[in-house]
Amino acid sequence: MMRLNKTNKSSLSCRETMDLIPSFLDSEMELSTQQAFLKHVKSCENCMEELRVSYLFHESHRYLDEGLYFDVDEDFKKMFKEKNGFVSTAVRARIMLLILIGLCLITLMLYWTGVMV
Ligand SMILES: [Zn+2]
């Protein structure tokens, strides 16, 4: 089994992506890995199908509870959208935090240099 190359997480192979499916479904994934995972899955039909099938197995117990009312395709789309949205929100939050820290530093610098009193 191929191990995930830790220095290059920005692009994953199909093999690596498929190995990551269980942790993706269990939400046990680092943000940077999840980003790379989503990026690959969105551009690779094979892995997307593999993820969809795994999701079906993962959620199969719900068939027993909800029976015909459980629409796996609709549910899969919803789950994918949520995970995808979560990544963008988390990334946006990090960028906002960096901007905020930057602004604080600039303000402090201005005080120190005596420009603002
Ligand atoms: Zn793939």
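Two notes before you start. Residue numbers run from 1 along each chain as its sequence is written. Because the model is predicted, local features need pLDDT of at least 70 and side-chain atom pairs count only at pLDDT 80 or more, while totals for chains, interfaces and linings use all residues.

**Whole chain**

Show everything as a cartoon. You will see five helices and zero strands, in the order α-α-α-α-α along the sequence. Here helices (H or I, at least four residues) and strands (E, at least two) are DSSP runs, numbered from the N terminus. Now colour by burial: of the 117 residues in the protein, 10% are buried. A residue is buried if 20 or more other C-beta atoms lie within 10 Å of its own, exposed if 12 or fewer, and partly exposed in between, with C-beta atoms placed from the backbone.

**α1 and α3**

Select residues 14-25 for α1 and residues 45-58 for α3; their axes are 10 Å apart and the packing angle is about 30°. That makes α1 roughly parallel to α3. Axes are lines fitted to C-alpha atoms, for helices over the stretch in contact, and angles run from 0 to 180 degrees between N-to-C directions. Angles under 35 degrees count as roughly parallel, over 145 as roughly antiparallel, 65 to 115 as roughly perpendicular and the rest as oblique.

Next, show side chains. From α1, Cys14, Thr17, Met18, Ile21 and Leu25 meet Asn46, Cys47, Glu50, Leu51, Ser54, Tyr55 and His58 of α3. Residues are in contact if their C-beta atoms, placed from the backbone, lie within 7 Å. This contact of α1 with α3 has seven nonpolar, four polar and one charged residues. The classes are Ala, Val, Leu, Ile, Met, Phe, Trp, Tyr, Cys and Pro as nonpolar, Asp, Glu, Lys and Arg as charged, and the others, Gly among them, as polar.

**Ser27**

Move on to the loop between α1 and α2, where Ser27 is found. What is the phi of Ser27? Phi is near 55° there, a positive value in a residue other than glycine. Most residues other than glycine have a negative phi. Ser27 counts as exposed because it has 9 C-beta neighbours inside 10 Å.

**α1 and α2**

Highlight Thr17, Leu20 and Phe24 of α1 with Thr33, Gln34, Phe37, His40 and Val41 of α2, which make the contact. The residues in this contact of α1 with α2 divide into four nonpolar, four polar and no charged.

**α2 and α5**

Now pair α2 (residues 31-43) with α5; the axes come within 10 Å and cross at roughly 130°. That makes α2 oblique to α5. Leu31, Gln34, Gln35 and Leu38 in α2 meet Lys83, Asn84, Val87 and Ala90 in α5.

**Along α5**

Finish with residues 72-112, helix α5, whose end C-alpha atoms are 60 Å apart; this agrees with the 60 Å that its 41 residues should span at 1.5 Å a residue. The expected span is 1.5 Å times one less than the number of residues. How many of the 41 residues of α5 are buried? The count is zero, so α5 is hardly covered. Just after α5, select Gly114, which takes a positive phi of about 80°.

Methods:
Two residues are in contact if their C-beta atoms, placed from the backbone, lie within 7 Å.
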